[in-house]
Amino acid sequence: MDTLLSMRVFRQVAEGGSFADAARRMGLSAAMASKHVAHLERHLGSRLLNRSSRHVSLTEAGAVYLEHCVDALDRLDEAESTLGRSGAEPSGTLKITAPVWCANARFAGMLSRYRQRYPRVVMDLRLTNHKIDLAEGGFDVALRATNHDLPSLIVRPLCKLDFLLVASPDYLGRHAPIVSPSDLASHDAVLPSYLPSAQRMTLAGAEGSTTVQLRAAMKSDDSTLTHQSILAGIGIGFLPEWQIADDLATGALQRVLPAYPAASVTLYAAYTSRKFLSPKVRTFIDFFSEAFGRPPA
């Protein structure tokens, strides 16, 4: 967790006597502000604040630390102002978490172009389909595909992603034809284990919406294994268009029920605070916004 940001949060809480007010001023959630102060207390090995349901006050150790903290932050702000912080070249390690299906040629090409533009940034990517606490894991930014709110994070929409229902020619040749959504119930499916609702699928067509209960042949929390399993003919499944564009072009995978709209989600760049955003984070988000046709915020 960013200790310097934690110091700034602590100063705001101590001077205002409120986590909620401090969080609002800094563009954070109250829960995230509390985590920053807790991180600082663990780092120092001392309790800095007395907390009640309506008010916070400084402990003896907190009063001593606040005095030094204010002096250090004021000196740092003065130095950054002198050096022109906004014009600094992005540098350092950029820690990113993203879905496993980002392991594809299109995304790798975007990372390459970003690195060519900002060669002093080292990208550290951790791919997982499970939600990670950015502050606890020390991540700068997360790429998350969802149609739900992310209340504890600041988000920027990057693009819409289509998830397509596909199967291999081998699987389709060995099983009954799929001509309507109701036919799906008698087919095997390869499903993501991290989405409990994935087994019930709703498709919308000209005749209205139909919800079917899929028959799971296999579940996995790894999108790469799901992809390979569908290619191997285990069953049908939903995969992001990014991941399977080449398979569709070569015929290794085929669309199932293509007349029905694809399931779409929004890909967001998520981070913990609007303020004190480092050049490496800001340029990464702006670069991908531009790459997907969205203007920088």
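**Figure 1. F107 and F288, a buried ring pair.** F107 is buried at a relative accessible area of 3%; buried means under 20% relative accessible area, exposed over 50% and partly exposed in between, with a 1.4 Å probe and protein chains only. F288 is buried too, at 1% relative accessibility. This is a predicted model, in which local features need pLDDT of at least 70 and side-chain atom pairs count only at pLDDT 80 or more, while totals for chains, interfaces and linings use all residues. Residues are numbered from 1 along each chain as its sequence is written, and side-chain values use heavy atoms, with hydrogens and water left out.

A pair of aromatic rings is described by the distance of the centres and the angle of the planes. Rings of Phe, Tyr and Trp (its six-membered ring) pair if their centres lie within 6.5 Å; planes under 30 degrees apart count as stacked, over 60 as edge-to-face and the rest as tilted. By this rule the structure has ten aromatic pairs. F107 and F288 form one that is tilted, with 5.7 Å centre to centre and 40° between the planes. F107 belongs to helix α5 (residues 105–117) and F288 to helix α10 (residues 279–291), so the pair ties together parts that are 181 residues apart in sequence. Helices (H or I, at least four residues) and strands (E, at least two) are DSSP runs, numbered from the N terminus.

**Figure 2. Y114 and F284, an edge-to-face pair.** The centres of Y114 and F284 lie 5.5 Å apart, with 80° between the planes, and the pair is edge-to-face. Y114 sits in α5 and F284 in α10, so this contact ties together parts that are 170 residues apart in sequence. Both Y114 and F284 are buried. Ring pairs also define a cluster: W101, F107, Y114, Y118, F163, W242, F284, F287 and F288.

**Figure 3. K95 over the ring of F139.** The charged end of K95 sits over the F139 ring, 4.7 Å from its centre. The rule asks for NZ of Lys or CZ of Arg within 6 Å of the ring centre and within 35 degrees of the ring normal.

**Figure 4. Cysteines without a disulfide.** A disulfide is a covalent bond between the sulfur atoms of two cysteines. Here it is taken as a pair of cysteine sulfur atoms within 2.5 Å. The structure holds zero disulfides. C159 is in none, and its nearest cysteine sulfur, that of C102, is 9.4 Å away. C159 is buried at 9% relative accessibility. C69 is buried as well, at 2%.

Figure 5. Strand β3 (residues 92–98) and strand β4 (residues 121–127) pair in the parallel sense over seven bridges. Two strands pair if DSSP finds at least two bridges between them. L94 stands opposite M123 in β4. The chain crosses from β3 through α5 to β4, and this β-α-β crossover is right-handed. Right-handed means that, with the strands pointing away from the viewer, the path from the first strand over the helix to the second runs clockwise. E89 is in the loop between α4 (60–83) and β3. E89 is partly exposed, at 41% relative accessibility. The C-alpha atoms of E89 and V121 are 9.3 Å apart, although 32 residues separate the two in sequence.

**Figure 6. The β8–β9 hairpin.** Strand β8 (residues 200–205) pairs with strand β9 (residues 208–213) in the antiparallel sense over six bridges. A hairpin of two residues joins β8 to β9. A204 stands opposite S209 in β9.

**Figure 7. Helix α3 and its end.** Helix α3 (residues 30–44) has 15 residues. From first C-alpha to last, α3 reaches 21 Å, close to the 21 Å expected at 1.5 Å a residue. The expected span is 1.5 Å times one less than the number of residues. Buried residues of α3 are M32, A33, H36, V37, H39, L40 and E41. Just after α3, G45 takes a positive phi of about 70°.

Figure 8. Most residues other than glycine have a negative phi, and most peptide bonds are trans. L257 is not a glycine, yet has a positive phi of about 50°. L257 lies in the loop between β12 (254–255) and β13 (263–271). L257 is buried, with a relative accessible area of 8%. V179 is in the loop between α7 (169–174) and β7 (188–192). V179 is exposed, at 67% relative accessibility. V179 and A259 are 80 residues apart in sequence and 9.9 Å apart in space, C-alpha to C-alpha.
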